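Biologist: Please examine the model shown below with me. I shall ask about its sheets, a helix, several loops and the contact between the chains.

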Amino acid sequence: MKVVLDGLTKIFPPRTGKGDGVTAVKDFTFVVPDGTLVALLGPSGCGKSTMLNMICGLEKPTKGTISFGNDDVTELPSELRGVGMVFQNYALYPHMTVYDNIIFPLGNLKGKDKLTKEQMKERADKVASLVQIEQLMARKPRELSGGQQQRVAIARALVKTPRLLLMDEPLSNLDARLRLQTREEIRRIQRETGVTTIFVTHDQEEAMSISDIIVVMKDGELHQSGKPQEVYDDPKNLFVAKFLGTPAINVFSGKVENEMLSIGNDKVLEVKGVRDGDVVVGIRPEGFVFDNEGSFHCALDRIEVMGRDISIVSRNEACEAPVVRSIVESGDRPEFGSDMVSFRLKPNKVHLFEPETGERIPFGKIKVKY
Amino acid sequence: MIEKNNIKAWLYLLPALAFMLLFLVYPLVDVFIYSVEEGYNFVSQRSSGLGLYNFSYVLHDTYFLQAVKNTFIMVIITVPISTGFALLIALALNSIRKLRELFQTIYFLPYVTNTLAVGLVFMVLFKKTAYSDGLVNLLITFFGGESVDFIDGPYWAKMFVMCFYIIWVVLPFKVLLLTSALASVDKMYYNAAKVDGTGSFRVFVRITLPMISPTIFYLVITGFIGAFKEYSDAVALFGTDLNAAGMNTIVGYVYDMLYGDSGGYPSFASAAAIVLFVIVLTITCINLLVSKEHVYYA
């Protein structure tokens with residue numbers, strides 16, 4: 001089932017009763033295609049949890065509509081929407097066993113949907129085996145690890161075969177190793193069930209690694225959406241470019257003269273079709289090629305060996321951050337001698353932005369589609 | 001070294017221990033001793049021997065049996081009603097936004113009001129005097145009923161006023177505790193239940209009640225104990241001669257045996273106190289057993 005969000009706006013009334021209130025989500029329009037895993041990605045406070053609460057019906061939008069398939073559910077109360085939700089802290093009922101937690105949503109079914117105890121058990125066993133918690137059914141939530149609680153929460157959300165699965169920061173309470181494992185698990189469960197899933201996260205790596213589509217939000221507005229690789233390669237603006245990727249993109253202040261980009265005194269790249277003037281330059285860490293003949297010079301700070309690649313940490317006065325981080329393959333066994341390092345730049349890893357608006361300035365042959 | 005530390009530890013504990021021994025343990029032991037000393041004379045401080053005569057006397061005393069009956073009726077009526085009422089009020093307080101503080105304060109007022117002052121107000125409400133039948137009787141006659149003497153009249157009328165009074169006095173504390181217990185239930189559970197389409201009754205029974213069950217349990221236990229120790233409220237309503245009013249309680253009986261007009265019998269008083277102790281202990285044990293199954297501790 002696809003989910004259509006049309007012009008969603010949420011304004012929280014001001015606490016004191018005066019003023020304009022806080023706009024948590026602004027004119028948000030997006031279509032979640034059927035059966036996909038979509039990540040709502042953004043820094044904390046960007047309105048992504050509010051979005052989720054509006055979709056599941058815990059919050060009412062100030063403006064705009066929400067449709068599940070062809071049904072407008074904007075006015076439909078939460079309990080009738082048939083969505084499954086995994087809360088950030090799981091919200092497992094602490095006084096019930098895992099089994100009772102899982103069948104709790106089934107107990108709400110009425111009339112012809114009412115299930116017998118055997119049917120409930122069957123359904124519970126099915127989801128339990130899907131999330132691999134069969135052996136934990138008799139335990140209480142507090143006797144489970146964070147990862148296990150997470151699985152129980154997912155099982156409880158899935159047991160009523162929801163039309164839509166929502167997850168609020170599903171991995172934020174897990175440790176690093178478990179996070180990696182669980183995100184694979186979420187991907188697998190989503191594939192197996194085929195349920196349209198929206199999850200909220202502030203971790204771009206998490207979002208990019210498992211989702212079909214990422215939606216980057218900031219200050220309640222949709223900045224860019226698309227397949228993770230597309231958004232990464234073609235950021236629409238400086239915020240999106242900075243938000244995606246680890247290590248983060250390196251940002252420099254630069255200048256364009258006669259279609260030639262210069263950073264500091266170095267003429268670094270030919271940029272066809274860009275007007276003269278000041279620009280903000282973003283260079284992905286993997287956009288640097290270590291080359292003694294290269295035209296971009298930085299003061300070498302240190303080398304960090306990571307096995308597969310080498311991270312070169314250097315300094316450049318034009319850089320926004322104190323250090324420039326570049327990643328080169330270790331296979332080349334580059335030799336670092338002097339205090340300076342020189343780079344060539346890969347044109348498709350360099351992005352130009354307007355200094356005022358942060359909007360992307362396209363150049364060269366790269367096709368930019370938003 | 002360890003030995004030395006032990007001595008030090010006892011030394012530090014001494015003030016607390018001394019007070020506990022003097023004011024808790026000694027009286028407790030003394031009550032037991034009094035209760036088995038037969039024919040104890042207050043003046044000579046001598047008894048004729050040990051035995052269970054005091055218990056037999058007390059258990060055959062009609063005043064005591066009346067007191068036990070009264071106390072049990074009060075307990076059975078007031079504990080469930082006051083707890084249930086308090087829960088209803090707390091739920092209502094929890095669900096309103098406007099004027100919540102005001103209502104909370106109003107409901108808490110009886111708690112900080114003097115028992116005897118409250119008794120006076122109840123007199124105005126219920127007592128028949130030469131000048132007035134009392135406010136409640138005015139209402140009853142207004143609606144066509146027959147006026148009842150609540151203070152010196154039939155037993156059930158007196159018991160009604162008594163229970164009414166007790167419930168009114170114990171309610172605020174229970175409301176206070178239950179309101180805070182309700183407020184401390186994490187909202188995410190309610191959100192989770194809502195998204196799953198849970199009806200409000202099921203939410204209350206399956207989520208709210210278990211979550212606040214420790215508080216309810218605490219209130220039931222202390223409610224039972226408090227109601228079994230009922231005395232001052234009865235005095236406030238019916239005066240000091242509770243036996244004559246037929247409204248005596250077990251603690252009232254103990255007091256009368258010690259200091260009342262028929263007083264001067266510490267042995268009988270002690271025996272009655274021990275009987276009360278056994279009753280309360282039994283009830284509390286039953287409560288604890290029941291709670292094991294129904295109370296959830298986080």
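Biologist: In which sense do E6(A) and strand E7 of chain A pair, and over how many bridges?
Modeller: The model is a predicted one. In it, E7(A) covers residues 164-168, and A:Leu166 in E7(A) is the bridge partner of A:Met85. The two strands pair in the parallel sense, over 4 bridges.

Biologist: In what order do the strands of the open sheet of 6 strands in chain A follow one another?
Modeller: The pairing in this sheet is mixed. The order of its strands is E6-E7-E8-E3-E9-E10.

Biologist: Which strands stand at the edges of that sheet, and what is the average twist from one strand to the next?
Modeller: Strand E6 (83-86) and strand E10 (221-226) of chain A each have a single partner strand, so one side of each lacks a neighbour in the sheet. These two are therefore the edge strands. From one strand to the next, the twist averages 20°.

Biologist: Which residue in E18(A) is the bridge partner of A:Ile312?
Modeller: Strand E17 of chain A comprises residues 309-315 and pairs with E18(A) in the antiparallel sense over 6 bridges. In E18(A), the partner of A:Ile312 is A:Ser326.

Biologist: Within what arc do the buried residues of H3(A) fall?
Modeller: The buried residues in H3(A) include A:Ala124, A:Val127 and A:Ala128, whereas A:Glu118, A:Glu122 and A:Ser129 are exposed on the other side of the helix. Helix H2 (98-103) and helix H4 (146-158) of chain A are among the elements that cover the buried residues. Seen down the axis of H3(A), the buried residues line one face of the helix, because they fall within an arc of 105°.

Biologist: Which residue with a positive phi follows H3(A)?
Modeller: The phi of this residue is near 60°. The residue is A:Gln132.

Biologist: What is the omega of the cis peptide bond that joins A:Thr246 and A:Pro247?
Modeller: A:Pro247 lies in the loop between helix H8 (238-243) and strand E11 (250-257) of chain A. For the cis bond between A:Thr246 and A:Pro247, omega is about -10°.

Biologist: Where is A:Glu259 found, and what is its phi?
Modeller: A:Glu259 belongs to the loop between E11 and strand E12 (260-263) of chain A. It counts as partly exposed, because it has 15 C-beta neighbours inside 10 Å. Its phi is positive although it is not a glycine, with a value near 60°.

Biologist: Is B:Leu99 buried or exposed?
Modeller: B:Leu99 lies in the loop between helix H3 (62-95) and helix H4 (100-108) of chain B. Its phi is positive, about 60°, although it is not a glycine. With 11 C-beta neighbours inside 10 Å, B:Leu99 therefore counts as exposed.

Biologist: Which element gives the most to the side of chain B that touches chain A?
Modeller: In chain B, 16 residues are in contact with 16 residues of chain A. Helix H8 (187-195) and helix H9 (200-228) of chain B each supply at least two residues of this side. By class, the side has 9 nonpolar, 4 polar and 3 charged residues. The element that gives the most, with 6 residues, is H8(B).

Key:
Residues are numbered from 1 along each chain as its sequence is written. Chains are lettered from A and ligands numbered from 1 in the order in which they are written. This is a predicted model: local features need pLDDT of at least 70, side-chain atom pairs count only at pLDDT 80 or more; totals for chains, interfaces and linings use all residues. Two residues are in contact if their C-beta atoms, placed from the backbone, lie within 7 Å. Ala, Val, Leu, Ile, Met, Phe, Trp, Tyr, Cys and Pro count as nonpolar, Asp, Glu, Lys and Arg as charged, and the others, Gly among them, as polar. Two strands pair if DSSP finds at least two bridges between them. A residue is buried if 20 or more other C-beta atoms lie within 10 Å of its own, exposed if 12 or fewer, and partly exposed in between; C-beta atoms are placed from the backbone. The arc is that of the directions from the helix axis to the C-beta atoms. Axes are lines fitted to C-alpha atoms, for helices over the stretch in contact, and angles run from 0 to 180 degrees between N-to-C directions.
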